[in-house]
Amino acid sequence: MVEDAGPGFDDVYRHHFQPLVVQLYAFVGDMGEAQDLVQEAFSRAWPRWHRIARYDDPVAWVRRVAWNAGVSRWRRLRTARLFHQRQRLEAVDGPGPDRVALATALRTLPAQQRRAVVLYYLAELTVGEIAEDCAVAPGTVKSWLHRARTTLAASLSDNGPEHPDGSRPAAPPTRRTVD
């Protein structure tokens with residue numbers, strides 16, 4: 001007794017590829033995507049065709065695989081879109097003219113003075129902590145800070161450079177004093 005091998009893969013592909021593409025196109029709304037999904041389903045069927053061909057409706061298997069692949073892609077895209085929406089960064093204005101002027105003025109200072117200013121005013125270290133960090137005497141740090149403030153004051157004073165809009169940069173913050 002000879003067992004029925006079912007329809008051949010080539011025949012099923014030739015007769016059902018286009019109708020399946022039309023069905024998937026109606027679902028996904030994109031012809032290229034529909035073609036890719038049906039092609040993927042047939043690609044998955046090919047290595048198993050000896051078994052699938054014996055099903056009552058082998059085309060139903062291919063349709064189900066294509067449909068499931070479409071649903072999976074839709075879910076992945078939806079998840080990616082939702083993730084992207086949650087990850088949007090707020091637009092932040094660039095630095096103001098005062099900050100640009102201060103950064104420019106800081107770049108004119110010698111490295112040791114700039115380091116002392118940054119550690120003292122931004123990192124809020126004491127003169128003693130800066131001296132220890134830089135391996136110098138506290139008097140040296142005080143001298144760096146004094147010279148840096150003098151240079152910055154001259155650069156940022158009313159006699160200093162103007163902004164392109166004609167305004168003058170603000171003086172550096174003076175919320176702390178040297179010990």
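Which residue forms a salt bridge with Glu40, the closest N and O atoms being 2.8 Å apart? Here are a few notes on this predicted model, starting with that pair.

1. The partner is Arg73, whose salt bridge with Glu40 has its closest N and O atoms 2.8 Å apart. Arg73 sits in helix α4 (residues 58–86) and Glu40 in helix α2, so the pair ties together parts that are 33 residues apart in sequence.

2. Glu40 also forms a salt bridge with Arg44, with 2.5 Å between the closest N and O atoms. Both residues belong to helix α2 and are four residues apart, about one turn of the helix. Glu40 counts as partly exposed because its relative accessibility is 22%; Arg44, at 40%, counts as partly exposed too.

3. The structure holds five salt bridges.

4. One of the salt bridges joins the side chains of Arg115 and Asp133 (2.8 Å, N to O). Arg115 lies in helix α6 (residues 111–122) and Asp133 in helix α7 (residues 127–134), so this pair ties together parts 18 residues apart in sequence. Arg115 is partly exposed at 40% relative accessible area, and Asp133 is partly exposed at 44%.

5. Now to the helix packing. The axes of α1 (residues 9–28) and α2 (residues 31–45) come within 8 Å and cross at roughly 140°, which makes α1 oblique to α2. The crossing is right-handed. Residues making the contact include Phe9, Phe17 and Leu24 of α1 and Met31, Leu37 and Phe42 of α2. By type, the contact residues divide into 15 nonpolar, two polar and one charged.

Note on methods
Residues are numbered from 1 along each chain as its sequence is written. This is a predicted model: local features need pLDDT of at least 70, side-chain atom pairs count only at pLDDT 80 or more; totals for chains, interfaces and linings use all residues. Side-chain values use heavy atoms; hydrogens and water are left out. Axes are lines fitted to C-alpha atoms, for helices over the stretch in contact, and angles run from 0 to 180 degrees between N-to-C directions. Helices (H or I, at least four residues) and strands (E, at least two) are DSSP runs, numbered from the N terminus. Angles under 35 degrees count as roughly parallel, over 145 as roughly antiparallel, 65 to 115 as roughly perpendicular and the rest as oblique. A crossing is left-handed if the near helix is turned anticlockwise from the far one by less than a right angle, and right-handed if clockwise. Contact means heavy atoms within 4.5 Å. Ala, Val, Leu, Ile, Met, Phe, Trp, Tyr, Cys and Pro count as nonpolar, Asp, Glu, Lys and Arg as charged, and the others, Gly among them, as polar. A salt bridge is a side-chain nitrogen of Lys or Arg within 4 Å of a carboxyl oxygen of Asp or Glu. Buried means under 20% relative accessible area, exposed over 50%, partly exposed in between (1.4 Å probe, protein chains only).
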